[in-house]
Structure formats: C-alpha cells, structure tokens
Amino acid sequence: METNFFTIKDASIQLGVPGYALRRLCNSGLIPNVRRNQRGFRVLEDWQIEYARTLLGLKQAGLKQTELKKYTRLFRQGEETLAERKAMLETQKRQLWQELEDKQQGIDFLERQVELIEREML
C-alpha cells in the first residue's frame, strides 16, 4: 500500500490553517511520528493530517495544551483509552455549555439595559 506524504504547506492548505499552526503541533509532539523528506522538510501522512484536524478542533473547543498532550498520549495508547477520551470530551462539552449559558445571561442583561436607556431617550 502506497503512502501519500504532504508537506506542511500542502497540509495547512487542506486544513485551512497557517503553516506555523501545524509546525507548532509537530514541534510540541502532538502529531506523532512526523517524518522529514530528503530535503529536511516535515511531511505528514493522511492520518496525521486528520489527527491534526482533530487537535485543531479540540483546541478551538477550548482544550488547553496540557489536555491536548494528555489526549494525544491516550490516542497513542489505542482503543483501550476510548472511554477516558470520551470522558475528557464530555467534560469539555459541559464546560462549554455552561460558558454559553453564562454568556447568554450577560447578553440578556445588556439587552435589558439598552431597552431601559432607549425608553429614557424618548
């Protein structure tokens, strides 16, 4: 089976992120088994690009660097860690929902304040 390799530039275009974002994931060890081509450039396989997509999504969802490292460590250990990875994601999801509710309360408060001010301006 032939493996396709992609440069950081090509992978970053696929993912829609700057190259430095992928390099940072590689340098921090979050993307496992990164190879270099004969010219010394990092190259990624399809599965590594998909894993980078996962990491970028987790980062966007608010996971911190230490949590991303833990997730990657668990990922490398294999399927026996699926329950622990799921628990991490569920915890983060609950936290995001709480933050969303808190933000919505803030928006509701501001809307009421704007309405009060608008009434006074009439």
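# Helix 4 and its packing

The buried residues of helix 4 pack against helix 3 (46-60) and helix 5 (82-121); contact means heavy atoms within 4.5 Å, and buried means under 20% relative accessible area, exposed over 50%, and partly exposed in between (1.4 Å probe, protein chains only). This is a predicted model, in which local features need pLDDT of at least 70, side-chain atom pairs count only at pLDDT 80 or more, and totals for chains, interfaces and linings use all residues. Residues are numbered from 1 along each chain as its sequence is written, and side-chain values use heavy atoms, with hydrogens and water left out.

**Helix 4**

- Helix 4 spans residues 65-77, 13 residues in total; helices (H or I, at least four residues) and strands (E, at least two) are DSSP runs, numbered from the N terminus.
- From its first C-alpha to its last, helix 4 reaches 19 Å, close to the 18 Å expected at 1.5 Å a residue, where the expected span is 1.5 Å times one less than the number of residues.
- L68, Y71, T72 and L74 are the buried residues of helix 4.
- Seen down the helix axis, these buried residues fall within an arc of 165°, so they line one face of helix 4; the arc is that of the directions from the helix axis to the C-beta atoms.
- T66 and R76 are exposed on the other side of helix 4.

**Helix 3 against helix 4**

- Two packed helices are described by the angle between their axes and the distance between the axes.
- For helix 3 and helix 4 the angle is about 145° and the axes are 11 Å apart; axes are lines fitted to C-alpha atoms, for helices over the stretch in contact, and angles run from 0 to 180 degrees between N-to-C directions.
- On the helix 3 side, W47, Y51, T54, L55, L58 and K59 meet L68, Y71, T72 and F75 of helix 4.
- By class, this contact has seven nonpolar, two polar and one charged residues; Ala, Val, Leu, Ile, Met, Phe, Trp, Tyr, Cys and Pro count as nonpolar, Asp, Glu, Lys and Arg as charged, and the others, Gly among them, as polar.

**Other residues**

- N33 lies in the loop between helix 2 (19-27) and strand 2 (35-36).
- Phi of N33 is near 60°, a positive value in a residue other than glycine, and N33 is exposed at a relative accessible area of 57%.
- S12 is part of helix 1 (residues 8-15) and counts as buried at 8% relative accessibility.
- Not counting residues up to four places away in sequence, S12 touches V17, P18, G19 and L22.
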